[in-house]
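This briefing covers strand pairing and one surface patch. The structure comes first, and the notes follow by topic.

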Amino acid sequence: MVKPQRHTQPGINRFKPLALSIHLIAAASIGTLLTLPAAQAETTQSAAQATQQFNIPGGSLSQVLARLSAQAGIYLVGASELASGKSSDGLQGNYTVENALSHILNGSGLVAVAQGDKSYALHQANQDDQSVTLSTMQVQGLGMNGSAANAYRVGDVFAGALGNLSKQNTPFTIETYSEDYIANLQARSLGELTKFDAAISLSSNNLITENNAFSIRGINPDFDTGQKLDGMNFRSRAKDLPLEHLERVEILKGAGGFLYGFAAPGGIINYVLKRPTEEFKASVSTQVMDSGLLMAHGDVGGRVGPDDIFGYRVNVVSEAGDTYVDDSEAYRKSASVAVDLRITPDLTWQADALISERKSYGGYFSISPNSDGSFTDRTVSNIVSPIDGDKRLAPEWTRYESEHITTGSDLIWQINNNWNNKLSYRYSTSYRNPLMPILYVDGDGNYSATLYNYNNLFKSYQTQNVLSGIIETGLVTHNVVAGLSHTRTISSNSSGIGTLAIPLGSGNVSSPVDFERPVGHLDKSDASFNEYSRVTRKEVFLSDTLNVGDSWDFIIGARYGSLEDDYGDYKESEITPSFAAIYRPLEWMSIYASYVEAFEQGATAPNTAANAGEVFEPLISKQYETGIKVEHDNWSANMAVFQLQKGLTYEDENDVFSQDGEARYEGLELSTRAKINEQWLVGASAMWLDATNRKTTDESLEGEPIQGVADKQFRLYSEYQVPNTQLTLTGGAQYTSQRPLDTANQWHVGSVTLFDLGARYEIDLNKQLLTLRLNVENLTDKAYWLTSAGSSSIAQGAPRTIKLGAQLDF
């Protein structure tokens, strides 16, 4: 093995010892947080009486209170309808927290009551200015909505068929990335958004090509059903849905099973679209990269009509310019609209549409390391040293193009206080046109380039009805969910399965060759020329969550469904159960154990395989998980121990694709997010993963690590607000251990440690908030390899990238 070393920066390896530091910090953070409640109790009273400088522009009362929460480091709890429709002039000057609250709420008819631990409850005042406690239904923490004030934590998560649940009381691992977190990272891709989550692999940012390397706990999400939009199927091979249109992203780690239905157990990515706001909201934002790539984004939403009967939300994005890769460009534009109509107080109809398209130039599918650099040698061998991320290896004319169109509709009926019904439909199309090569590279950098030129069209249709309600039976409360789902996915391409590769020529990566373009441009309509996959999934599901007293929950669920593959020539049916138990020894702590089965479509041999297009039988995967979740006022910590078993797929040295044996993933995941004090926010995570081949007919694979998967990953992110200013400093670090590239575990890419720095500053412009952001990614300009789970392919990681952004909220 050749250890990765960047020849232009021979001193770069001095950062390797910091990988151990990240490990220690991630572990120490969780231990340190256990001491926080006692320490914070001593400082709560003094913090409430301390005078602070505030600079909060006027606007809606809910926005002003949220900004007060962020600047003061307090937590405001109240019914969301209390602040709705009210406004505030804002706050400027030096105040104690209690005086600041009194000033902002003056004339609103509301009062704030101290609850301890820097928490204040918002109530409606009666004529004697005494607080009146209202219904706790729909209670929302104004500072607990994914903002920096609460370490970007979100209290509730969407758990598929179980609906919205408290994150603490969910017996699965679900991570949520909020709108504020997306904005403050200036994340433009899923890879950038999840980079500080140790359970997510290093992956590309979609800027040059598509992101097929994204993996969760070492497994790629299902291409057909692994991505959802508002819980409904969104079929896409890539992971390039534009984040600017999203309120948040939720990632279920592990088998979806009962929660989302038929899918490979590589986790579920659920995108939550921005929906109409209760009050008028508008913002414009821009971002420019140091390469010259410029983005502009507009967002407007609100309600109109009698009693605010009609809601709307519109987002528009445009991006164009040079990328960080030499002599390469990218273009992106998208638009979305979401509306709702309150037909009656109990019946709401909502609909949405999103369209996005992008083109990028100068990319390639992947690098395939081998012994002699020829495209006929598929045996993994000596691996070339990492290549600078801004160096273009493919010809300038290579291109990746994609387009997504999706529409959805829901009819939501609140039958009574205990029962509701939701009827949903979503249709989506995803088009891709890669005109890109695979590069076969030896250890000295000699390579051959083979061009692939085709396009795909993926379609998805899903209809689902979910009835949920509560049944009281003495000491036990039953939360019942029953549903029906019908999903169809269709895949087609321009040339049929087994598209012939076109040899371009050979060269050396030290001076890549700009080969002549041998083919013309494929028309978009060609993508539907050859249909090669049509899969129909029909499902019935039922679950009962039993609340036994205040301390115990039990979940029993099952799905019965049929899976029909027209081209695989099979129709199979299966019942997949799910069981879970949750115990709360303390109000803020949950201990859980869960078991999930998932029914998944059999694998299809890829275009590059000798047996391209062969369809294999469907599979049953199993996951066991147990863990602890802690949700305190201003910090959270999670631990999960898991084992997942799924079908093993691989290509041998003869390019024959097989589905044989079992891939087993056993691991430990730790994570924490906390607001240490008024200024300091920290998030840390770690994962240890043992991913191995089991029960294969090829004895040489037995017990060997799965290709492209790291056995250790550590992540750290922190923010510090400079006292008495609107300046916040940010920083992060990522460590990924070495990853095997061959099935015999002989060749590896080395470990990598990456660093980020950033800052943001808020300015009040005539009662409008201007936020300036600076993010520097890969601070040391490290050259490194990205890998893909279950594959021997590699790709260049992004170089140092500087983003400067501005956002104006009206």
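In this predicted model, asparagine 547 has aspartate 553 of strand β30 opposite it. The notes below start with the strands around that pair, then turn to an open sheet and a nonpolar surface patch.

**Strands β27, β29 and β30**
- Strand β29 (residues 530-548) and strand β30 (residues 552-565) run antiparallel and are joined by 14 bridges.
- The hairpin of β29 and β30 has three residues between the strands, and glycine 549 there takes a positive phi near 65 degrees.
- β29 also runs antiparallel to strand β27 (residues 476-493), with 18 bridges joining the two.
- Histidine 486 has lysine 538 in β29 as its bridge partner.

**Open sheet**
- Five strands make up an open sheet with mixed pairing, in the order β12-β15-β16-β13-β14.
- Its edge strands, β12 (173-178) and β14 (232-233), each pair on one side only.
- β12 and strand β15 (residues 246-253) are antiparallel and share six bridges.
- Opposite isoleucine 174 stands leucine 252 in β15.
- In general, strands of a sheet pair through backbone hydrogen bonds, in either a parallel or an antiparallel way.

**Nonpolar surface patch**
- Val288, Leu294, Leu774, Ile802 and Leu804 form a nonpolar patch on the surface, and their accessible area together is about 390 Å².
- One of these residues, isoleucine 802, lies in strand β45 (residues 801-809).
- Isoleucine 802 counts as partly exposed because its relative accessible area is 33%, which falls between the cut-offs of 20% for buried and 50% for exposed.

Technical notes:
Residues numbered from 1 in each chain as written. Predicted model: local features only at pLDDT ≥ 70, side-chain atom pairs only at ≥ 80, totals over all residues. Heavy atoms only, no water. Pairing = 2+ DSSP bridges. Helix = DSSP H or I, 4+ residues; strand = E, 2+ residues; numbered from the N terminus. Patch = residues over 30% accessible without salt bridge, like charges linked within 9 Å, V, L, I, M, F, W, Y side chains within 5 Å. Areas by Shrake-Rupley, 256 points an atom, 1.4 Å probe, with all protein chains shown as cover. Salt bridge = Lys/Arg side-chain N within 4 Å of Asp/Glu carboxyl O. Buried < 20%, exposed > 50% of the residue type's maximum accessible area, 1.4 Å probe, protein only.
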